[in-house]
Amino acid sequence: MGLRAAFHIMLNDLRLNIVSPFATILSLVVPINFLFLFVLFAVGGAKVPVSVIASGIGEAYTAGFLHALQSALTFHIHQVSTPSAGQRLIQAHRSVATIQIPHGFSAAVAQAKTASIPLTLNNLNHDFADDVRRAMPLAILNFYHSVFPSSLPFGWREVDTYTHNVTFLGYLSVSIQTVALLIGGLLFGGRGAARDWEIGTMKELMLAPIPPWSVVVGKLAAGMVNGIASAVLVLVVLLLLGLRPLMWGQFIGVTLVTLFVFISLGVAIGSIAKSQFIVTPFAFALGLPLFFISGAFGPISWSTPAAADIARVFPVVYANAAFQHAVHGYWPIDTSPVWLWMILLAWAVLALCVSWFSYRRATMQH
Amino acid sequence: MEDVSLSAKQQLPTAEYAVEVAHLHKEFGSFQAVTDLNFRIAKGEIFGLLGPNGSGKTTTLNMISGLSAPTSGEVKVFGLNPRKQSNSVRRLLGVVPQETALYEELTAERNLAFHAELFGYRRRQKGERIQAMLELAQLQDRAKSRVKTFSGGMKRRLSIGRALLHDPWLVYLDEPTLGVDVQSRNVIWDYILKMKQEGKSVLLTTNYLEEANALCDRIGIIDKGHLIAEGTPAALKAQFGSSVLDLEITGTALEDVRELLLGVAGVQSIEIIENRVAVSLASLNEGDAGTLLPVILRKVTDSGGVIRHMALREPSLDEVFLSLTGKGVRD
Amino acid sequence: MEQIYSLWAILKKDLATWIRSPSTIAVTILPALILMLVLILQAASVTGSPVAIVNQDTGGQAAAKLQSIAENYNGFYRAEVLTKPQAEAAFQNLSVAGVLVIPKGFSSAIAAGRHPTITWQVRNFNNDTANDLRRALPDILYTFLHSGSVGTNPLHIQVQEHDMHAKDASFVGFNMIAVVVMLVLQAGIVNAGLAAVREWETGSVKELLMSPARPLTMILGKVAAGVVASDITGGVALIVAIAAGIVQIPSVLLGVFALVTITLTAIVGSGIGVLLGSALRATERVSGLSISLSFYLFFLAGGITDVAYLPGWLQAISEYIPNTYSLDALRQTLLYGSTGGLPLDLAVLAIASVIALTIGIPVMRRGLSH
């Protein structure tokens, strides 16, 4: 009886979503919106656009230095022929600096004389300007390392832990998938629970001869259906970005657990707030800071200890690590997988209890 | 009104009363919402609960429906405890909330179907009940329309249909005709009377005293958590006085007239309403009319007052309410 | 004249409503607040990663110098000197992101011209954190060579830097301008949008329709109210930024140009708002959609970076986003104290305002006649 009622409550909630498609589409695309916006955020922070004027390109060391600039892990290089062309690109917001490798550079280098590299820098702000200033010594050293290795009194060698390099976008997109489920879950759970209070139909549910848990289960189930639909949309975008999970089972498992945790918490917030208008800003206010401190860009153990300690309390960091593992094959966290899963499952139980007590409290106070 | 039977033959419980409330208390912290409340609603009776806003009506009804636990005292619905036997009580109880509380985005039929599903109706029976209630609410041709396109009266009818769908024996209607046009009001009154005919008990709250007067077998007046009067409309009116003499007077201060008349034997109380005094008279027998009325009129004219208009009538429930609670029912 | 009175009346009423509805103000400043939060968190999170330094050449002078340079390198969040096993353990349990190993006999090998090899172990979870580490080592070695600890500096290339602005603007100031642009745009969209919606939701549109005010007057009144509200919001944000020392006080002329830019941005925002409000006619929808919309407009315009940093396809889009020009004009006037590029920026914004109103007015007129 209780399960049947829960099933009908779920169907009713889903039906309500279908008959007001605008709000539903808006909620369903919230996570994907997030993904798009952060991708825009991430591509904005990519390489520094500069113009290079290689005046003596035929000369032996000019090409070598140009190559060193290209491999300095910093620049996106437009080759131009004159300084004024470089200046025009700066004015047109196509580059932020002009680097000139002048005539005579090659000869000076060959003769171990001082060779000057004029750099015109549009120092938009301190951080951006420093990126360029730091990259120049790097290029110079790399140049000598490749052209005159014996002139340097030592050598160096980089040992990478993983053979494949995951791009910034690849890593960040997976983190965004986590925050998308977080915010989406809170919204779906919260709005579904708040709606019945708002329109007064909660009384209809409270006065029906059904156990109270069936209302909570029905709301959670409707939230899960919405959440899964939304997660599928996000997954499609991840696949389009070329990110294919290595471990599908784990990927689906973390998706479901994360959704469950945040939909349950959403139901709790919705029951307490009793207003959809409050649920939305709350979801964002909770979601965004958590996203930033929960290893969105790299392991939390590399970030500020206070922020990492806060992050360890919440499930986001564990969910994110499990997602990164499912997609990229490594665990970017210092918690063992067994512990991690136990924490996630404990959160699921806790969130369920919180949603149950919040619902009971809301109906008691009535 | 369509000749549709309201009931699907859920057996009438054997308990003596539909509702029994005994020494009921409810406190919210230090606030006494309901104090020592006692009343009973018989089977097949229409009982009206009247009181100003915040008087404790909703708290009482929440305790009757089992949504809220009494601090002390007892509530029984058909002999059952609404908290301990909540599912049985909910099956016997139909609620028409004031704010109708329908899913506005869904169709009328869907709203009824969801209610049927919550009450465990299956396929064929569910369909039959929905059809019957659509017919009852005279909404067959609008079954597939979204509720948000309905008028206030249509929503109220649908809400009543929904409350009756599971064939309850006690129907609670909260302000059933608030904001409804006269035509719909008459239809709703007919429903309520028909419920009674079918043996259902009705608990009604209303701000319209003429509604209580027209429908209710008995009325309870509740104020500040206390039941301050209970009885048939006629008995309550008799408490106020058997007749009221309305006098429209000019040429003298009405306050003086009141002072003057309060001393007359047979005058129970006097209310001043605008330029008029309403004199309530204790039991007025044939003979008394001949002696009491001339006394009053003479007193007025002697004081210099000119009587422009006079009428003898029955007291209204409004006056009963006002005299008992000190304020109007809509305050 | 009568129409001007009506316009004034509508403007006053809309502004009074705006100031009295906290939820509208909340929706107005929410995106800017979120953005500021993101910026603060981002600024806090780009401090680099923690690393370990293993110096196996105890007692060697060159090794000690290199160790000291690496320890003090400002691109690391934290650099600890550890033994090899400690560093290995720290690397394994992710408490450090990289391990720099100066090999045994490093100093004597350099002295003897034997070219010892430094090892740099990098946890390459992703290119962002890994590239920071990859860039760090050559940077450290460059400083090491310049320090003179290994004899004559073999590097003969010198960079002659010429900066286009006398002083580097601060990262926070740079982004504060972006926050102001977003605030102004969002204030325009929300205020004009919700002001339009409110008329339908409360039914007061009838009152307007029964008045002698022409539809055009009503719309201009709403846009004017949106613009005033936006200017107030943006102005307050700028004053706060100036008071906090994030942005410097501009000259009168530049200040006027900044105000014109803000006002034109507000007109564009209000035009979009009227359009949204008339089309959606529900508070929830307008507030929900406007937040997403202003974020998109913001990021598509280069947002917290500069258009130059965007990929080509985004640069192409950003040329058609009006706030690209607002951002440029405000950065020029308020950060760099220049009027360079201002004529183009202001011309584009003026045209965009006209377009927004030319589309918005008939849409609202049609809405009113329903």
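**Entry 1: domains**

I began with chain A, which is divided into domain 1 (2–42 + 166–364) and domain 2 (47–151). These bounds come from an automatic or database domain assignment. I looked up the separation of the two centres in chain A, and over C-alpha atoms it is 48 Å.

I note that this is a predicted model, in which local features need pLDDT of at least 70 and side-chain atom pairs count only at pLDDT 80 or more, while totals for chains, interfaces and linings use all residues. Residues are numbered from 1 along each chain as its sequence is written, chains are lettered from A and ligands numbered from 1 in the order in which they are written, and side-chain values use heavy atoms, with hydrogens and water left out.

For chain B I found domain 1 at 17–232 and domain 2 at 242–314. The C-alpha centres of these two domains of chain B lie 42 Å apart. Chain C is divided into domain 1 (2–42 + 166–369) and domain 2 (47–146), and 50 Å separate the C-alpha centres of those domains of chain C.

**Entry 2: transmembrane records**

I checked UniProt for chain A. Its unreviewed entry lists "transmembrane region" for residues 20–43, 168–189, 210–241, 247–270, 277–297 and 338–359. UniProt positions are given here in the numbering used for this model, feature names are shortened, and annotations may be inferred rather than shown by experiment.

I looked at two of the listed spans in the model. Residues 168–189 of chain A are 100% helix and 0% strand, with end C-alpha atoms 31 Å apart. Residues 277–297 of chain A are 81% helix and 0% strand, and their end C-alpha atoms also lie 31 Å apart. Helices (H or I, at least four residues) and strands (E, at least two) are DSSP runs, numbered from the N terminus.

For chain C, the unreviewed UniProt entry lists residues 21–41, 172–197, 218–246, 252–276, 288–310 and 346–364 under "transmembrane region". In the model, residues 218–246 of chain C are 90% helix and 0% strand, with ends 39 Å apart by C-alpha atoms. Residues 252–276 of chain C are 100% helix and 0% strand, and the end C-alpha atoms are 36 Å apart.

**Entry 3: α7 and α11 of chain A**

How do helix α7 (residues 168–198) and helix α11 (residues 276–293) of chain A pack? I found an angle of about 160°, with their axes 9 Å apart. That makes α7(A) roughly antiparallel to α11(A). The contact residues of α7(A) with α11(A) divide into 15 nonpolar, five polar and three charged. Ala, Val, Leu, Ile, Met, Phe, Trp, Tyr, Cys and Pro count as nonpolar, Asp, Glu, Lys and Arg as charged, and the others, Gly among them, as polar.

Axes are lines fitted to C-alpha atoms, for helices over the stretch in contact, and angles run from 0 to 180 degrees between N-to-C directions. Angles under 35 degrees count as roughly parallel, over 145 as roughly antiparallel, 65 to 115 as roughly perpendicular and the rest as oblique.

**Entry 4: α9 of chain A**

Helix α9 (residues 212–240) of chain A has 29 residues and reaches 43 Å from first C-alpha to last, close to the 42 Å expected at 1.5 Å a residue. The expected span is 1.5 Å times one less than the number of residues. Just after α9(A), A:G242 takes a positive phi of about 85°.

The axes of α9(A) and helix α10 (residues 248–273) of chain A come within 9 Å and cross at roughly 135°. That makes α9(A) oblique to α10(A).
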